[in-house]
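Trainee: I have this one open in the viewer now. Can we go through it together, beginning with the overall picture?

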Amino acid sequence: PTDYVDLFQLHKPPPALLRSSDILTPLEALRRAGKIRYFGIACDTVEDALLCLKLPGIASIQITINLLDQKALSELLPRARDQGLGVIARNPRAQGHLTNDLSDITAETYARSQQEVEMSKTAAQAFLLLTDTNRTLVQAAIQFVRQLDGVSVLIPRAISRRQLDEILTAQNLPEFSEQQLHAIDRISRESLSHPPRHRYRATAP
């Protein structure tokens, strides 16, 4: 049992609330009372996350980051890193698109149109180039996020023991080589409408 929460996150507050300092009052009160140690915000969009950078006192930002959704990489990650904020990357599997088993896919629930779903499926197939006998598409997707400079931790989704084992094994696989990182950047330029520029933590020879 514990008397406090290490990290308390607001879940997708509206932009109007993010623009107001009123959002900080109850969070600071909880921290002063010793109920929470740190607080952060799980954001719906990159635009919302950029608003959070203006809020004093927050410790972390949670945002979607994956091979198919790299909007946070160009502007948010460098600025959050410079401000010393933790970035929690959610949805590294792209709602099931970045899996070898498309029976586990929730993308259609969240997509704005069927065309969007089909475009994501096509883009995901291009990243099969990163797989081999030792690395599945899920593991490649997780390695991409883990290797981004500025990402503190990621939240993968698993609905079975097999999926959990696959995700946990990813952290023991070698980092992407320079050649593989160049391939990711090339595929991103070809597959994504606005591919961002970003940097990685480290590269293997």
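Trainee: What share of the protein chain's residues count as buried?
Mentor: This is a predicted model, and in it 43% of the 205 residues of the protein chain count as buried. The accessible surface of the chain comes to about 11,300 Å², and carbon and sulfur atoms account for 52% of that area.

Trainee: And how many helices and strands does the chain have?
Mentor: The protein chain has 10 helices and five strands.

Trainee: Ok, the inside next: which residues have the most contacts inside the largest nonpolar core?
Mentor: That core has 52 residues, and those with the most contacts inside it are Ile58, Ile61, Ile63, Ile65, Phe144 and Ile184. Helix H8, which spans residues 137–146, supplies the largest share of this core, with seven residues.

Trainee: Take Ile63, then. What is it in contact with, leaving aside neighbours within four places in sequence?
Mentor: With those neighbours set aside, Ile63 is in contact with several residues, among them Cys43, Asp44, Thr45, Val46 and Ala49, and also including Ala72, Leu76, Val87 and Ile88.

Trainee: Why does Val5 count as partly exposed?
Mentor: Because its relative accessibility is 39%, and partly exposed covers what lies between the buried class, under 20%, and the exposed class, over 50%.

Methods:
Residues are numbered from 1 along each chain as its sequence is written. This is a predicted model: local features need pLDDT of at least 70, side-chain atom pairs count only at pLDDT 80 or more; totals for chains, interfaces and linings use all residues. Side-chain values use heavy atoms; hydrogens and water are left out. Buried means under 20% relative accessible area, exposed over 50%, partly exposed in between (1.4 Å probe, protein chains only). Helices (H or I, at least four residues) and strands (E, at least two) are DSSP runs, numbered from the N terminus. Accessible areas come from the Shrake-Rupley method with a 1.4 Å probe; for residues, only the protein chains shown count as cover. A nonpolar core is a set of buried Ala, Val, Leu, Ile, Met, Phe, Trp, Tyr and Cys residues joined through side-chain atoms within 4.5 Å. Contact means heavy atoms within 4.5 Å.
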